[in-house]
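Here are my notes on this one, as numbered points. Have the model open while you read.

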Amino acid sequence: MKIIKIDKSQWASGLNQAATAYRLFGPVKEKEFHSFKPLTNGAQPDLSCLNTRLSPKAIVYPQSEVMFDYSLDEGRDDHHQMREAAKDYSPKAVIGIRPCDAKAFVLVRLNFDTPDYQDPYWLRAYESTTWVGLGCEAPCSSCFCTTAGCGPYHEEGLDVLLADAGDHYLAKVLTEKGARFLAAGGWKTAAAQDSDQTIASMRQTAESKIASFVPTDNLRSLPNNDLYNASFWEDVSFACINCGTCTYSCPTCWCFDIQDETRGTSGVRMKNWDSCMYPLFTMHGTGHNPRGTKLHRVRQRFMHKLKYFVDKYDRGIQCVGCGRCVRLCPVNIDIRRVALMMNGFAASGEACAIE
Amino acid sequence: MLSYAEKIREIAGRLLASGAVDMVIGFRKGTIPMMNEPHFAKTPAEVPKLVWDSHCGINLANYLTDRKEKIGIVAKGCDSRNIVTHIIENKIKREQLVVIGVPCKGMVDKRRIALKCPGEITEVIETETEITATGNGFSQTFEKKDVLQHNCSLCIHRNPVIHDELVAEPVEEQQGVDRYADVRAIDAMSADQRWKYFEDLLAPCVRCYACRNACPLCYCPTCFVDESRPQWVGKGQDASDVRTFHFLRAYHCAGRCTDCGACERSCPVGINMRVFTKKLEKDCLDLFGWEAGLSPDVRPPLDVYRPSDPNDFIK
């Protein structure tokens, strides 16, 4: 695997050069926290950011996205016809995404790109993006990526992995797309022969700093119904207020709702993030709600992430261990604790004791 | 305040053992610094998990809505005022409750503390008056009174207004607090400035509804933003829909809000939506001499007609 050395003195100028061929996005601090924003007019990504408050999923999958527009004006030839909304799928590059967030897109793709259905909006936005990740030197204490199928230097879903080596970055080229981006930035100095080992040892150091783990080894073999009927769900769900913080901050939550909005004679059909925490999410036209209580909804969230997904895809949990839901939940519901209870669930019907 | 935990456990144990209540609602220790989780104990064996410290800012009255059990509930001043409001609004019966009153000196604001620290906080230890945040390569000590939640720093009802048990002697109430400086500052803006201020304030909102759902007042079976037949509010990120949600929610809380701060505390993106509810709180005080939740025996001003109600608005 090719590794390029990028002197930090050439970082900003290279990004500016790349910006002529790519729309750049990166972590930017606004008020008290970071979020991924377009880097316009030479703005630089703030790579000191531990991680952004919300995940970068909105770059590919905006919270609110117009799919079609239409006119009800019968004077127009195309009245009452859905027209595909204009979109910008020109090349973009996301700089400084963390490996957990990049891996999350790989999991989300399982939902948006199936043999039967392909979500063209998600796919085109994803494919038009080059993912330039930054290895995590200082993971948060609530990060648990290494036991969530990921890691601080995980490469899945990335086109380039940057490792911060002090006065320079080591840029590991992972795909053709990544190579093109680095060429566009004018960075072409081959790194020293042993750079691969340097990155490997940085990776090892970072991994050893992860202090938080989720056990997942039993999840697949546990009977669905037993887990569903486990007695611990009342305890798990009691504090939940059924807000959408966990699902909206989660890089792997993919659910959406479709709405038409009309104003005068013109309107749009849009897709909006939705959340399994909301009662309306499952409300039937009859008024019946199969997930009528918060216990139903909380259980659904954790069963989906830690059981149904595991069973359906056989590639681990639907979680990359970024820890956002742990840090942001207003009432401190902690997926690590729930994973421990689920994974430790014994067929006798009793969860292992959790303190 | 640190001795409260033991007293809470003692009372909870007694209430559960005697069968006086079916459950006690309080807090258990959180899994990350500066967070605790609302928790219930149904047997004396579960009582040791109950804790108390400066991170119990969630308003527990929110967990009483329409419950049928007999409940012991740990209540700060603000929680007790929302319990009163719940009783007035028929969301719980007084005789179902044993209120375990907690005289409160205010809850700390974890965001304020985090902003003052140079890195991630991994451990927080508190004494009666100080709080020490420790992380990789730093340790900083703050006076608790300097890092309180904003609403707590302005609180003039720290002692529970109703209680059946009290975990300690009442604390001294804060005197001479200027509760509405922020409201006056916004009042003084021109209409354009104020609109800009609201736009900036609400720009980060993701409509997760944590503010609404953390609020004990927001118990409508279906909130107006969730109505689908007819649908009142758009579901997207259109600024007018976001504003409609926040403005209307605030009006729904008029004369009911106790400024417990649960909304602001729960917001994942740090919006201080209390400026809206506080404006209405101030109006209720100015127009009706009303503060919400002080007595179960007085109907709220927006609930009743009194001949003495101000009517200057009728031209």
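1. A word on terms before the strands come up: two strands pair if DSSP finds at least two bridges between them. Helices (H or I, at least four residues) and strands (E, at least two) are DSSP runs, numbered from the N terminus. With that settled, look at B:E123, whose bridge partner in β7(B) is B:T134.

2. Some housekeeping. This is a predicted model, where local features need pLDDT of at least 70 and side-chain atom pairs count only at pLDDT 80 or more, while totals for chains, interfaces and linings use all residues. Residues are numbered from 1 along each chain as its sequence is written, and chains are lettered from A and ligands numbered from 1 in the order in which they are written.

3. Staying in chain B, that bridge belongs to an open sheet of three strands, ordered β6-β7-β8 and paired antiparallel. β6 (121-126) and β8 (138-143) of chain B are the edge strands, each with a single partner, so one side of each has no neighbour in the sheet. Neighbouring strands here are turned by 20° against each other on average, direction ignored; angles run from 0 to 180 degrees between N-to-C directions, and axes are lines fitted to C-alpha atoms, for helices over the stretch in contact. β6(B) and β7(B) (residues 130-135) are joined by five bridges.

4. Chain A has an open sheet of seven strands with mixed pairing, in the order β1-β9-β8-β7-β6-β2-β3. At its edges stand β1 (3-7) and β3 (33-38) of chain A, each with a single partner strand, so one side of each is left without a neighbour in the sheet. Inside it, β7 (129-134) and β8 (160-164) of chain A pair in the parallel sense over three bridges, and A:L134 sits opposite A:L162 in β8(A).

5. On to domains, whose bounds come from an automatic or database domain assignment. Chain A is split into domain 1 (3-53 + 91-209) and domain 2 (219-266 + 274-343). The centres of these two domains of chain A, taken over C-alpha atoms, are 28 Å apart. Contact (C-beta atoms, placed from the backbone, within 7 Å) links 19 residues of domain 1 of chain A with 15 residues of domain 2 of chain A.

6. Now a helix pair in chain A. α9 (294-313) and α11 (335-343) of chain A pack at an angle of about 60°, with their axes 11 Å apart. That angle makes α9(A) oblique to α11(A) (under 35 degrees is roughly parallel, over 145 roughly antiparallel, 65 to 115 roughly perpendicular, and the rest oblique). A:F302, A:L306 and A:K307 of α9(A) make the contact with A:V338, A:A339 and A:M342 of α11(A).

7. From α8(B), B:H246, B:F247, B:A250 and B:Y251 meet B:F276, B:T277 and B:L280 in α10(B).

8. Finally, the interface: 32 residues of chain B are in contact with 34 residues of chain A. β2 (36-41), α3 (110-116), α7 (210-214) and α9 (262-266) of chain B each supply at least two residues of the side touching chain A. β2(B) gives the most to that side, with five residues.

Notes. Two residues are in contact if their C-beta atoms, placed from the backbone, lie within 7 Å.
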